[in-house]
Amino acid sequence: MNKVHHAAIICSNYEVSKKFYIEVLELEIIREVYREERKSYKLDLALKGEYIIELFSFPNPPKRPSRPESCGLRHLAFEVDDLEKIIAHCNKHDVIAEPIRIDEFTNKRFTFIADPDDLPIEFYEK
């Protein structure tokens with residue numbers, strides 16, 4: 001194996017989630033397609049030119065069982081240079097971060113926000 005290629009996320013409201021990932025997280029659109037046979041959008045997103053997320057919409061997807069300790073993907077984590085800067089950016093979009101924590105093993109600072117479907121998003125300071 002070489003690297004993680006991408007994470008796939010199913011959202012409940014495509015337009016709301018698309019806006020969140022593009023405007024709040026500032027990911028770049030690579031490609032957006034509507035798959036008529038599935039009644040589903042697929043939005044490929046990149047960070048600094050690197051393909052990282054597929055955002056899907058499907059009719060009536062089930063809700064996430066619990067946050068964040070349900071089986072499956074626990075959260076997405078993004079490395080950031082300046083935690084305060086990303087928190088301030090999120091606040092401008094009415095997305096509130098949890099209090100900053102310290103990783104007990106690395107002594108690095110991190111925090112969490114949630115996407116529109118309550119998927120935890122971690123920001124981990126470099």
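Which backbone nitrogen does a side-chain oxygen of D82 reach at the start of α2? In this predicted model, the answer is the backbone nitrogen of E84, which lies within 3.1 Å of that D82 oxygen.

Helix α2 covers residues 83–92, and its buried residues are L83, I86, I87, H89 and C90. Viewed down the axis of α2, these buried residues fall within an arc of 160°, so they line one face of the helix. K85 and K92, on the other side of α2, are exposed. Just after the helix comes D94, which takes a positive phi of about 60°.

At its start, a side-chain oxygen of N13 comes to within 3.3 Å of the backbone nitrogen of E15. Along the helix, the residues Y14, S17, K18, F20, Y21 and V24 are buried. After α1 comes E26, with a positive phi near 55°.

Attention now turns to the strands. An open sheet is formed by four strands in the order β1-β4-β3-β2, and the pairing within it is mixed. The edges are taken by β1 (7–11) and β2 (28–35); each has a single partner strand, so one side of each is left without a neighbour in the sheet. On average, neighbouring strands of this sheet are turned by 20° against each other, direction ignored. Strand β2 runs antiparallel to β3 (residues 40–47), and seven bridges join the two. Within this pairing, E28 has A46 of β3 as its bridge partner.

Side chains of opposite charge can pair when their charged atoms come close. The structure holds nine salt bridges. One of them joins the side chains of K18 and E32, with a distance of 3.0 Å from N to O. This pair links distant parts of the chain, since K18 belongs to helix α1 and E32 to strand β2, 14 residues apart. K18 has a relative accessibility of 18% and therefore counts as buried, whereas E32, at 35%, counts as partly exposed.

A further salt bridge connects the side chains of R31 and D44, at 3.1 Å from N to O. Here too distant parts of the chain are linked: R31 is in strand β2 and D44 in strand β3, 13 residues apart. R31 is partly exposed, at 45% relative accessibility, while D44 is buried, with a relative accessible area of 1%. The side chain of D44 also meets that of K42 in a salt bridge, at 2.6 Å from N to O. K42 is buried as well, with a relative accessible area of 15%. Through salt bridges that share partners, R31, K42, D44 and E54 are joined into one network.

Methods:
Residues are numbered from 1 along each chain as its sequence is written. This is a predicted model: local features need pLDDT of at least 70, side-chain atom pairs count only at pLDDT 80 or more; totals for chains, interfaces and linings use all residues. Side-chain values use heavy atoms; hydrogens and water are left out. Buried means under 20% relative accessible area, exposed over 50%, partly exposed in between (1.4 Å probe, protein chains only). A polar contact is a pair of N or O atoms within 3.5 Å; within protein, one must be able to donate a hydrogen and the other to accept it, and residues adjacent in sequence count only if both atoms are side-chain atoms. The arc is that of the directions from the helix axis to the C-beta atoms. Two strands pair if DSSP finds at least two bridges between them. Axes are lines fitted to C-alpha atoms, for helices over the stretch in contact, and angles run from 0 to 180 degrees between N-to-C directions. A salt bridge is a side-chain nitrogen of Lys or Arg within 4 Å of a carboxyl oxygen of Asp or Glu.
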